Amino acid sequence: MARNFNTNVHFHDIPDAILSSIFSLITDTRSRNAMSLVCLKWHLIERSTRTCLSLRGNIRDLFLLPTCFRAVSNLDLSLVSPWGRPILDSSPNTTLLAQVLHCTFPSVVTLTVYARNPSILHLLAPQWPNLRQIKLVRWHKRSPTTLGSDFLALFEHCHSLASLDLSHFYCWTEDLPPALEAYPSIAASLSHLNILNYTSADQGFKSHEILAITSACPNLREFLAACIFDHRYIGFVGDETLLSLATNCPRLSLLHLVDSSSLSAARGDPDNDGYTTEDAIIRQTMLIEMFSALPLLEELVLDVCHNVRDTWVALEMLNSKCLRLKSLKLGQFHGICKGIDARPDGIALCSRLESLSIKNCADLTDSGLISISLGCPRLAKFEVQGCKKITKLGMTKLASILRKTLTEVKISCCKHLNTVTSLQALEPIRDCLQRLHIDCVWEMVEQSGSEATSSAKYDGFKCSDRRRGIWEEANLKKKYKKYNDNENGYASSTWAKLQCLSLWIAVGELLNPLVLAGLDDCPMLEEIQIKVEGDCRHQSRLSPDGFGLSSLLCYPRLSKMHIDCQAAIGYALTAPSGHVDLSPWERFYLNGIGRLNLTELNYWPPQDIDYNKRSLSLPAAGLLAQCRTMRKLFVHGTANEHFMMFLLKAQTLRDVQLREDYYPAPENDNSTEMRIDSCSRFEDALNRRAIPD
């Protein structure tokens with residue numbers, strides 16, 4: 001007898017426990033907000049399953065503090081408005097405000113906070129004594145206090161602390177060691193420590209400080225640090241320091257050691273030979289001993305910025321000593337792979353690698369790339385930067401061999417790989433790539449001997465007048481037709497899975513040729529990150545049509561964009577005769593942005609390094625106000641209040657913030673720029689508007 005199944009089962013009939021499990025899998029904030037509006041039951045379940053929250057309101061409005069997120073365990077207070085101001089100074093009773101935060105979010109075990117001065121942690125740390133992970137943020141100058149005072153309250157009250165992230169917290173390198181030594185139980189409980197500091201890229205930890213930290217924290221599993229590998233400096237990190245570090249922390253599964261100069265270094269010169277003037281004091285025997293002392297290592301970054309030669313033997317031992325290694329990044333390591341007859345050796349024997357980044361390897365050739373692709377069949381991510389001898393042939397072979405696994409690629413600062421050749425080399429994996437970085441280099445390049453028997457100019461894009469930024473459209477169309485007629489042409493190929501595109505481009509160059517270079521069909525592309533670098537002061541005239549953002553209209557799903565012009569240097573104030581200030585440059589780079597259907601934009605204005613000034617200009621504010629679909633806008637700099645009021649014309653704009661996240665961030669409010677009261681007036685005007693959706 002057939003059973004009669006009830007077909008009128010409603011979604012609400014699912015038990016609450018299962019619904020909670022389903023809701024907990026949703027991470028997108030807007031999706032969760034929409035779910036909470038369906039009905040009261042969904043509202044309660046959504047609030048009870050939300051564990052991560054970033055507070056973005058103005059802390060002066062205590063009555064707006066949400067009280068329904070009591071299950072939140074991961075709380076971010078670093079973006080509270082006004083950005084960078086002491087979070088508790090807005091209240092006459094700071095202790096009461098700290099207690100209100102605790103009562104509102106009682107379950108917090110992971111905290112991110114902008115700790116501009118030590119008093120912030122003195123008030124907040126006692127409220128959450130069960131904190132296990134904390135990230136401190138500070139781009140302002142360090143307070144004139146005693147060494148280690150920024151961490152004393154944290155270590156005194158949070159006895160369960162296991163993770164400390166100082167990657168965006170400006171402090172002196174001398175601050176941390178005495179604080180850890182003063183609280184040995186806290187230091188011993190730490191399993192994650194990130195001191196790879198981006199706020200002070202000109203200073204790295206000295207060898208004795210690294211040893212003091214690792215000696216105090218013997219149970220570290222993840223350690224990231226900015227160091228000094230230059231032997232000309234006192235306290236440089238050499239092979240003995242590396243071996244001692246491995247001995248102090250034998251349980252490490254993640255180790256990042258980066259020379260401090262690498263954090264601030266601009267894009268290298270593709271025409272140099274790839275070798276630095278000085279060698280690092282790192283011997284192969286010591287590297288082998290270091291690898292032997294870290295058997296649990298899964299991710300390793302060694303970016304030393306100084307020559308480490310003939311490393312293939314040590315890298316072969318890395319494969320045999322660290323059996324769990326899956327991710328590897330090497331900077332300024334030479335001789336990593338001999339590549340004889342394309343047989344795997346050196347780094348190519350690390351067959352378990354899933355991510356590999358090679359930076360400034362002067363002797364890496366196409367044969368080496370082929371060996372790596374044959375020896376590392378699991379690679380899903382591959383980055384190559386500053387390698388002068390590799391060509392289109394080697395990258396094409398690597399892409400063909402790794403077609404089934406490779407989903408993320410970065411090609412940067414390689415002499416024989418400009419935009420066109422890079423995209424042609426990736427043709428075998430076009431339908432597989434999800435993330436891609438390339439340099440926008442339109443000039444003709446010379447083919448290496450591995451591609452042709454004699455050097456010849458590559459028949460690529462030609463700039464007829466670089467100073468004026470005018471391109472020969474007829475020449476571009478001719479080349480485009482040539483590519484279509486080629487069996488490897490781009491017209492019929494689709495970047496079917498590409499979701500994120502990252503670009504580097506020099507000051508004054510145009511973005512228009514990007515589409516014609518082969519990136520014309522990207523149906524899934526949602527995010528583009530653009531980094532502009534160069535000296536605007538050396539440019540005489542700008543193209544009247546702008547940078548070329550309108551050319552990105554061919555990407556139908558493009559909704560997020562980063563425009564990073566902080567490495568573009570110019571005159572913020574009055575420019576000398578014959579030069580222009582930064583206002584025309586901002587108009588140049590933002591012209592046409594209103595035609596794009598962006599919902600989120602991060603914008604870094606160009607800067608004047610003489611005045612440490614990064615400010616939104618009037619033309620930039622006017623162009624940003626034309627964005628019809630923008631919901632989130634984050635300007636990483638300052639702005640005048642009346643310029644910010646232009647942004648109110650963008651009807652859909654919901655979240656706007658000025659973030660002075662560069663060192664040193666301005667200490668005092670300027671009468672002509674956004675002050676605390678100015679920020680409050682703008683936010684009040686923004687919140688009073690009716691949002692269409």
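**Salt bridges, helices and strands in a predicted model**

Arg32, Glu46, Arg47 and Arg50 are linked in a network of salt bridges. A salt bridge here is a side-chain nitrogen of Lys or Arg within 4 Å of a carboxyl oxygen of Asp or Glu. This is a predicted model, in which local features need pLDDT of at least 70, side-chain atom pairs count only at pLDDT 80 or more, and totals for chains, interfaces and linings use all residues. Residues are numbered from 1 along each chain as its sequence is written, and side-chain values use heavy atoms, with hydrogens and water left out.

Start with the whole chain. The protein chain has 22 helices and 24 strands. Helices (H or I, at least four residues) and strands (E, at least two) are DSSP runs, numbered from the N terminus. Of the 693 residues in the protein chain, 54% are buried. Buried means under 20% relative accessible area, exposed means over 50%, and partly exposed lies in between (1.4 Å probe, protein chains only). Contact means heavy atoms within 4.5 Å. Among contacts in the protein chain with a separation of 6 or more, 78% come from residues 24 or more positions apart.

Now return to the network. Two of its members, Glu46 and Arg47, are among the buried residues of helix 3.

The side chains of Lys41 and Asp16 meet at 3.2 Å, N to O. Lys41 lies in helix 3 (residues 40-49) and Asp16 in helix 1 (residues 16-24), so the pair ties together parts that are 25 residues apart in sequence. Lys41 is partly exposed, at 28% relative accessible area. Asp16 is partly exposed too, at 44%.

The structure holds 20 salt bridges. Side chains of opposite charge can pair when their charged atoms come close. Arg56 sits in the loop between strand 1 (52-54) and strand 2 (74-76), and Asp655 in strand 24 (residues 655-658), so the pair ties together parts that are 599 residues apart in sequence. Asp655 is buried, with a relative accessible area of 16%.

Arg138 and Asp150 form another salt bridge, with their closest N and O atoms 3.1 Å apart. Arg138 belongs to strand 4 (residues 133-138) and Asp150 to helix 6 (residues 149-157), 12 residues apart. Are these two residues buried or exposed? Both Arg138 and Asp150 are buried.

Strand 24 comes up again beside helix 22. The buried residues of helix 22 pack against helix 21 (641-644) and strand 24. Those buried residues are Ser678, Cys679, Ser680, Phe682, Glu683, Ala685 and Leu686. The expected span of a helix is 1.5 Å times one less than its number of residues. Helix 22 (residues 676-688) has 13 residues and should span 18 Å; its end C-alpha atoms are 18 Å apart, which agrees.

Next, follow the strands. Two strands pair if DSSP finds at least two bridges between them. Strand 12 (residues 381-385) and strand 13 (residues 408-412) pair in the parallel sense over five bridges. Lys381 has Glu408 as its bridge partner in strand 13. From strand 12 the chain crosses through helix 15 (residues 392-401) to strand 13, and this β-α-β crossover is right-handed. Right-handed means that, with the strands pointing away from the viewer, the path from the first strand over the helix to the second runs clockwise.

The path continues. Strand 13 and strand 14 (residues 435-440) run parallel, joined by three bridges. Val409 has Leu436 as its bridge partner in strand 14. Between these strands the chain passes through helix 16 (residues 419-425), and this β-α-β crossover is also right-handed.

Lys381 has a further neighbour in Ser355. Ser355 lies in strand 11 (residues 355-359). Ser355 is buried, at 16% relative accessible area. Besides Lys381, Ser355 touches Lys326, Ser327, Leu328 and Leu379, not counting residues up to four places away in sequence.

Last come the cysteines. A disulfide is a pair of cysteine sulfur atoms within 2.5 Å. How many disulfides does this rule give? The count comes to zero. Cys39 is partly exposed, with a relative accessible area of 22%. Cys500 is buried, at 4%.
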